[in-house]
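Subject: Structure handover

Hello,

Here is the structure you asked for. My notes follow below it.

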Amino acid sequence: MAGELPDFSAQEVSIINAWLDKHWHVTARGCPICHNSSWNINTKLSVMPCASVEGTVTMGEIIPSVNVNCNKCGYLIQFNAIKMGIWKAKKEQEAQSGEGDG
Ligand SMILES: [Zn+2]
């Protein structure tokens with residue numbers, strides 16, 4: 001399925017929401033740009049490519065991320081999906097469905 005990445009499952013969205021509720025205090029949820037407090041979780045996992053200080057960038061080394069954007073101005077916050085437990089959830093899901101690579 002080239003070009004078609006899956007959306008987060010209902011279970012993964014639940015994990016993300018629980019993590020945000022636990023770590024992102026409700027009084028700190030104002031957007032630093034426009035002060036809006038309505039946010040949207042991006043439906044797909046994304047990645048941040050890693051780079052060296054010499055300027056080398058490789059897609060082989062990435063940080064899996066969950067993006068949350070401000071509904072008003074689009075300011076984007078990127079959370080580490082490993083810290084959130086989403087990366088692990090993906091691995092377990094693949095293992096259960098037999099689609100994993102190991
Ligand atoms: Zn904003």
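Of the contacts in the chain with a separation of 6 or more, what percentage comes from residues 24 or more positions apart? The share is 53%. Two residues are in contact here if their C-beta atoms, placed from the backbone, lie within 7 Å.

Two points before you read on. This is a predicted model: local features need pLDDT of at least 70, side-chain atom pairs count only at pLDDT 80 or more, and totals for chains, interfaces and linings use all residues. Residues are numbered from 1 along each chain as its sequence is written.

**Layout**

The chain has three helices and four strands. Read from the N terminus, the order is α-β-β-β-β-α-α. Helices (H or I, at least four residues) and strands (E, at least two) are DSSP runs, numbered from the N terminus.

**The sheet pairings**

Start with strand E3, residues 57-70. Two strands pair if DSSP finds at least two bridges between them.

- E1 and E3 are antiparallel, with three bridges. Ile41 has Val68 in E3 as its bridge partner.
- E2 (residues 46-51) and E3 are also antiparallel, with six bridges. Ser46 sits opposite Ser65 in E3. Pro49 has Ile62 in E3 as its bridge partner.
- E3 and E4 (residues 76-80) are antiparallel over five bridges. Ser65 is bridged to Asn80 in E4. Asn67 stands opposite Gln78 in E4.

E2 and E3 form one, with five residues between them. Gly55 in that turn has a positive phi of about 105°. E3 and E4 form another, again with five residues between them. In this turn Gly74 has a positive phi of about 90°.

Gly60 is in strand E3. Is Gly60 buried or exposed? Gly60 is exposed, because 7 other C-beta atoms lie within 10 Å. A residue is buried if 20 or more other C-beta atoms lie within 10 Å of its own, exposed if 12 or fewer, and partly exposed in between; C-beta atoms are placed from the backbone. The C-alpha atoms of Gly60 and Pro49 are 7.8 Å apart, with eleven residues separating the two along the chain.

**The core**

Of the 102 residues, 9% count as buried. Which residues make up the largest nonpolar core? There are six: Phe8, Ile16, Val66, Ala81, Met84 and Ile86. A nonpolar core is a set of buried Ala, Val, Leu, Ile, Met, Phe, Trp, Tyr and Cys residues joined through C-beta atoms within 7 Å. In soluble globular proteins, nonpolar side chains tend to be buried together.

Look at Val66 in particular. Beyond its neighbours within four places in sequence, Val66 is in contact with Ile16, Ile41, Leu45, Phe79, Ala81, Met84 and Ile86.

Gln11 lies in helix H1. Gln11 is exposed, because it has 11 other C-beta atoms within 10 Å. The C-alpha atoms of Gln11 and Ile86 are 9.6 Å apart. Along the chain, 75 residues separate the two.

**Two loops**

His35 is in the loop between helix H1 (10-23) and strand E1 (39-41). Phi of His35 is positive, near 70°, and this residue is not a glycine. Most residues other than glycine have a negative phi. His35 counts as exposed because it has 10 C-beta neighbours inside 10 Å.

Cys73 is in the loop between E3 and E4. Why does Cys73 count as partly exposed? Cys73 has 13 C-beta neighbours inside 10 Å. Leaving aside neighbours within four places in sequence, Cys73 is in contact with Cys31, Ile33, Cys34 and Asn36. The C-alpha atoms of Cys73 and His35 are separated by 9.4 Å, and the two are 38 residues apart along the chain.

Best wishes
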